[in-house]
Amino acid sequence: MSRILTLVAPVFALALAACAPTTGADVAERRAAALPADLPPMNTFGQARVPGPTRSNTSIAADFLDLSFQMESGRVIENLSRFEGPVTVAITGTVPPSMSADLDQLLVRLRGEAGISISRVSSGASITIETMPRARMQRVVPQAACFVVPRVSSWAEFRRNRSGGTLDWTTLDTRERVAVFIPSDVSPQEMRDCLHEEIAQALGPLNDLYRLPDSVFNDDNFNAVLTGFDMLILRTYYDDALQSGMSRGEVAARLPAILSRLNPRGGSAVGGGRGSQTPRPWITAIETALGPGSSDSARIQAAERAVRLAQQQNWSDTRLAFAYFALGRLTLSRDVEASIQAFQQASGIFDRVAPGGIHSAHVDMQLAAFALSAGQTDQALSLTARAMPAATRAQNASLLSTLLMIRAEALEDAGRASEARTVRLDSLAWGRYGFGGQAAVGARLTEVAALSPGRS
């Protein structure tokens with residue numbers, strides 16, 4: 001299992017800079033945005049407060065089974081496997097302070113929300129997290145941002161056992177040792193996102209489902225930290241009524257009683273019936289559109305194919321919206337009107353399925369960038385104001401930082417320079433967590449500043 005680099009949470013597209021109108025000699029110049037000599041201290045998030053799922057337990061049971069008894073590749077998992085007894089976690093390699101703090105926060109949540117007995121140790125852990133430079137990791141697993149494998153506890157052990165069936169999750173009866181590999185030279189947010197997704201899969205389900213709007217177990221990667229749905233899935237996974245070795249049928253027979261006890265409001269929930277299966281051709285189209293190795297034209301065609309396939313399936317959920325979102329990103333530099341139209345289509349669906357959520361916030365950021373480049377200051381301010389609460393709740397610092405940067409430029413264009421300076425400094429503080437080092441933060445600030453008609 002791995003977090004795919006090319007599908008890391010959708011971010012601001014560089015091509016937006018191409019949308020900025022050129023300025024004539026008679027337009028007053030404003031100096032380009034520059035980083036202050038000393039960046040403000042890095043902002044970090046506190047303990048996440050996430051709502052529980054709102055779908056019915058019938059729907060959640062179906063999701064649990066599809067998550068737990070199938071791999072992303074489609075291979076069937078015959079028997080449930082999990083850790084039996086207390087779980088321990090250790091980190092080796094370079095460990096930035098932010099990563100250690102984020103891990104501690106995650107373990108607090110897993111104990112409190114998922115009811116898992118899990119704690120940190122210095123060595124000999126059930127789950128060993130090893131960090132290393134990204135280039136070293138990707139020489140072996142090129143497309144992975146981070147990944148998790150069973151039956152080993154180190155990179156050296158992983159390299160020795162790559163051939164054969166040792167690392168095959170489908171052959172597990174009980175989980176005893178698992179290794180998580182995370183790059184050490186990426187932003188604090190990317191390391192945090194890897195911790196959440198890979199530890200969740202080290203503990204529980206191994207599949208991802210594109211139909212889930214409220215889960216990290218979804219390769220669209222809009223949700224970066226474990227949600228209330230995810231915690232319920234993990235709590236169910238480790239319920240005393242289940243145990244390693246159970247078949248799908250045995251687990252299915254026990255799920256209604258487990259979920260009724262753990263999620264009593266799910267018995268009367270009416271929203272979100274069981275989602276349909278996602279056909280492999282749609283997944284292939286999305287992976288081609290957002291993955292490497294294809295020309296721009298081929299990627300756009302793949303996104304268009306994903307939209308058509310979603311329409312043919314009569315979907316009206318986040319999968320259709322995600323296909324439109326991908327198409328909007330890919331057409332940014334080629335057809336601005338088509339890009340805006342695709343983002344607006346995505347926005348309408350996201351607003352209906354998950355109003356005020358992180359999906360809509362990503363689209364609002366793109367539309368706010370368009371508004372800024374078109375000189376529509378009020379619209380840019382409105383869109384960023386609407387998106388920032390969702391970005392904050394979802395603990396997405398890179399998105400929040402970008403929204404604040406766009407907002408600062410809009411305030412500057414509106415003649416509110418003092419407010420703009422305050423907002424820009426806030427954007428840099430979040431940028432240090434979301435983007436990492438000073439160079440990365442400065443690059444994003446420059447990209448956003450280039451959108452403003454007030455810049456020369």
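Predicted model: local features only at pLDDT ≥ 70, side-chain atom pairs only at ≥ 80, totals over all residues.
Reader: How much space lies in the largest cavity?

Author: Residues are numbered from 1 along each chain as its sequence is written, and side-chain values use heavy atoms, leaving out hydrogens and water. A cavity is a set of points on a 1 Å grid over the protein atoms alone where a 1.4 Å probe fits but cannot get out, and a volume is the space filled by probe spheres set on the points, joined across faces, edges and corners. The space in the largest cavity is about 60 Å³.

Reader: Which element gives the most to the lining of the largest cavity?

Author: Lining residues have an atom within 4 Å of a cavity point, and here they include Asp-102, Arg-109, His-196 and Gln-395. Two elements give two or more residues, helix H5 (188–203) and helix H2 (97–113); helices are DSSP runs of H or I, at least four residues, numbered from the N terminus. With four residues, the element that gives the most is H2.

Reader: How many nonpolar residues are in the lining of the second largest cavity?

Author: This cavity holds about 50 Å³ of space. Its lining includes Ile-77, Trp-169, Arg-175 and Tyr-237. Ala, Val, Leu, Ile, Met, Phe, Trp, Tyr, Cys and Pro count as nonpolar, Asp, Glu, Lys and Arg as charged, and the others, Gly among them, as polar. The lining has one charged residue, four polar ones, and a number of nonpolar ones that comes to six.

Reader: Which residues does Ile-286 contact, leaving aside neighbours within four places in sequence?

Author: Ile-286 belongs to the largest nonpolar core, of 71 residues, and is with Trp-282 and Phe-322 among those that touch the most other members. Such a core is a set of buried (under 20% relative accessible area, 1.4 Å probe, protein chains only) Ala, Val, Leu, Ile, Met, Phe, Trp, Tyr and Cys residues joined through side-chain atoms within 4.5 Å. Contact means heavy atoms within 4.5 Å, and the partners of Ile-286 are Tyr-210, Ala-306, Phe-322 and Ala-323.

Reader: Is Glu-72 exposed or partly exposed?

Author: Glu-72 lies in the loop between helix H1 (57–68) and strand S2 (87–92), a strand being a DSSP run of E, at least two residues. Exposed means over 50%, and partly exposed lies between that and buried. Because its relative accessibility is 23%, Glu-72 counts as partly exposed.

Definitions and conventions. 1 Å grid on protein atoms, 1.4 Å probe; cavity = no way out; pocket = protein on both sides within 12 Å on 5 of 7 lines; lining within 4 Å.
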